[in-house]
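Q: I am new to this structure. Could you walk me through how to read its features?

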Amino acid sequence: MTFPYTRLRRMRRSEFSRRLMREHVLTANDLIYPVFVHELPGRAPVGSMPGIERLSIDELLKVAEEASALRVPALALFAVTAPEAKSLDGVAAWDDEGLMQRAVRALKQRFPELGVITDVALDPYTSHGQDGLIDDSGYVVNDETVEALMQQALSHARAGADVVAPSDMMDGRIGAIREALEAAGHIHTRILSYAAKYASSFYGPFRDAVGSAGALGKGNKYSYQMDPANSDEALREVALDLDEGADMIMVKPGLPYLDIVRRVKDEFGVPTFAYQVSGEYAMLKAAARNGWLDERACALEALVAFKRAGCDGILTYFALDAARWLRDAHD
Ligand code: PBG
């Protein structure tokens with residue numbers, strides 16, 4: 001039976017029936033808040049990410065308190081390494097007294113219930129800004145890098161991280177990290193793999209935030225991060241990471257890659273996350289600040305789109321604001 005008997009607008013006519021047939025709902029449970037931790041006292045704004053600040057460990061604890069109160073399940077930590085602590089081999093990454101490790105211990109001590117996810121990659125620690133170790137030609141060498149990432153992940157686990165999240169895209173790192181964690185008795189430490197991470201230009205503001213942009217210079221990450229033109233390859237990456245022991249997988253960036261999220265979710269049906277990255281945040285903020293877009297409406301629309309595409313959760317710099325907006329909408 002077709003028109004006029006079928007009128008899809010009937011159900012859209014009133015708020016009550018729109019609510020009844022709504023397929024996806026965004027809640028604070030879906031949000032992970034990425035935070036930048038620095039060695040300096042207090043807070044320092046990130047120029048290209050209005051509203052985002054690098055935080056001392058003390059300030060991080062205040063943000064953690066806010067996140068907990070808003071029922072945001074987890075924070076994703078990124079360390080901003082002081083230039084003098086960077087080196088060719090990124091050795092500061094697995095220092096048990098390093099910034100990330102101290103931040104994790106402080107968080108887990110004060111907020112044991114709040115999930116703590118750590119970034120496993122060498123770029124904040126290397127003088128060249130690459131996510132791994134390089135040879136004389138500047139090529140990022142895989143297997144030696146995996147050894148380093150294993151040390152870094154173990155060090156995070158010792159500090160008490162709930163989830164380690166390798167964001168480097170080396171081959172075989174998930175298996176190596178899983179094996180090392182098991183061998184050391186960290187059987188409960190989860191792995192969130194950045195399985196389909198693209199060589200994206202949307203990471204620009206993040207590289208400013210962690211201070212890897214200058215180090216990287218004109219360098220690029222094309223030899224390990226994925227080509228934005230590919231999608232079958234993403235499924236192969238995810239299959240391998242799951243086989244190697246990943247508990248959750250991530251697609252990154254977010255909005256321009258929702259087709260990948262949907263394919264991954266349909267194919268594997270595993271806990272699937274996406275990262276609404278710094279450039280996506282910066283675009284929305286910039287337009288909102290110019291009065292060109294309604295920030296709250298557009299951010300919430302983007303976030304529910306992630307859910308519709310199949311995400312179980314979203315890493316987003318809007319996490320705290322979104323949790324507040326959602327809370328206030330119910331008041
Ligand atoms: C690097 C890393 C990047 C991001 C998270 N981890 C940048 C890169 O790969 O160069 C980007 C996150 C964002 O843009 O918000 N290991």
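Predicted model: local features only at pLDDT ≥ 70, side-chain atom pairs only at ≥ 80, totals over all residues.

Q: How confident is the predictor, in terms of mean pLDDT?

A: The mean pLDDT of the protein is 96. Residues that reach 70 or more make up 99%. The model also scores ipTM 0.97 and pTM 0.97.

Q: Back to α11. What span should its 12 residues have, and what is the distance between its end C-alpha atoms?

A: Count 1.5 Å a residue. Helix α11 covers residues 278-289, so its 12 residues should span 16 Å. Its end C-alpha atoms are 16 Å apart, which agrees.

Q: Which residues of α11 are buried?

A: An α-helix has 3.6 residues a turn, so residues three or four places apart point the same way. In α11 the buried residues are Ser278, Glu280, Tyr281, Ala282 and Lys285. Their cover includes α7 (204-210) and β9 (272-276).

Q: Can we try helix α4 too? What should its 12 residues span?

A: Helix α4 runs over residues 99-110, so at 1.5 Å a residue it should span 16 Å. The C-alpha atoms at its ends are 17 Å apart, which agrees. Its buried residues are Leu99, Met100, Gln101, Ala103, Val104 and Leu107.

Q: What covers the buried residues of α4?

A: The cover includes the strands β1 (31-38), β4 (74-80) and β5 (115-120). It also includes the helices α3 (57-69) and α5 (142-159).

Q: Which residues touch the most other members of the largest nonpolar core?

A: Tyr33, Val37 and Leu77 do, in a core of 97 residues. Helix α5 gives the most to this core, with eight residues. Now look at Leu77, setting aside neighbours within four places in sequence. Among its contacts are Val35, Val37, Met100, Ala103 and Val104. Met100, Ala103 and Val104 are also among the buried residues of α4. Other contacts of Leu77 include Val116, Ile117, Thr118 and Asp119.

Q: Is Met150 buried or exposed?

A: Count the C-beta neighbours inside 10 Å. Met150 has 20 of them, so it counts as buried. Met150 sits in helix α5. Leaving aside neighbours within four places in sequence, Met150 is in contact with Ala176, Ile177 and Ala180.

Q: Where can I see residues apart in sequence but with a stated separation in space? Take Asp266 and Gly310.

A: Asp266 and Gly310 are 44 residues apart in sequence, with 8.1 Å between their C-alpha atoms. Asp266 belongs to helix α10. It counts as exposed, because it has 11 C-beta neighbours inside 10 Å. Now take Arg22 and Arg178. These two are 156 residues apart along the chain, and their C-alpha atoms are separated by 39 Å. Arg22 lies in the loop between α2 (15-20) and β1. It is exposed, with 9 other C-beta atoms within 10 Å.

Q: What is phi near in Arg71?

A: Recall the general rule: most residues other than glycine have a negative phi. Arg71 has a positive value, near 65°. Look for Arg71 in the loop between α3 and β4. It has 13 C-beta neighbours inside 10 Å, so it counts as partly exposed. Met169 also has a positive phi, near 70°. Met169 is in the loop between β6 (163-166) and α6 (173-183). It counts as buried, because it has 26 C-beta neighbours inside 10 Å.

Q: Is the peptide bond from Phe3 to Pro4 cis or trans?

A: Most peptide bonds are trans. The bond from Phe3 to Pro4 is cis, with omega near 10°. Pro4 is in the segment before α1 (9-12). Another cis bond joins Lys252 and Pro253, with omega about -10°. Pro253 falls in the loop between β8 (248-252) and α10 (258-268).

Q: Last topic: which residues are around the ligand?

A: Begin with the classes. The shell has four nonpolar, two polar and six charged residues. Among them are Asp119, Asp123, Asp131, Asp168, Arg207 and Lys221. The residues around the ligand also include Ala121, Ser167, Tyr203, Phe206, Val277 and Ser278. Ser278 is one of the buried residues of α11.

Key
Residues numbered from 1 in each chain as written. Near = placed C-beta within 6 Å. Nonpolar A, V, L, I, M, F, W, Y, C, P; charged D, E, K, R; others polar. Helix = DSSP H or I, 4+ residues; strand = E, 2+ residues; numbered from the N terminus. Expected span 1.5 Å × (residues − 1). Buried ≥ 20, exposed ≤ 12 C-beta atoms within 10 Å, placed from the backbone. Contact = placed C-beta atoms within 7 Å. pLDDT = per-residue confidence, 0-100. Core = buried A, V, L, I, M, F, W, Y, C linked by C-beta atoms within 7 Å.
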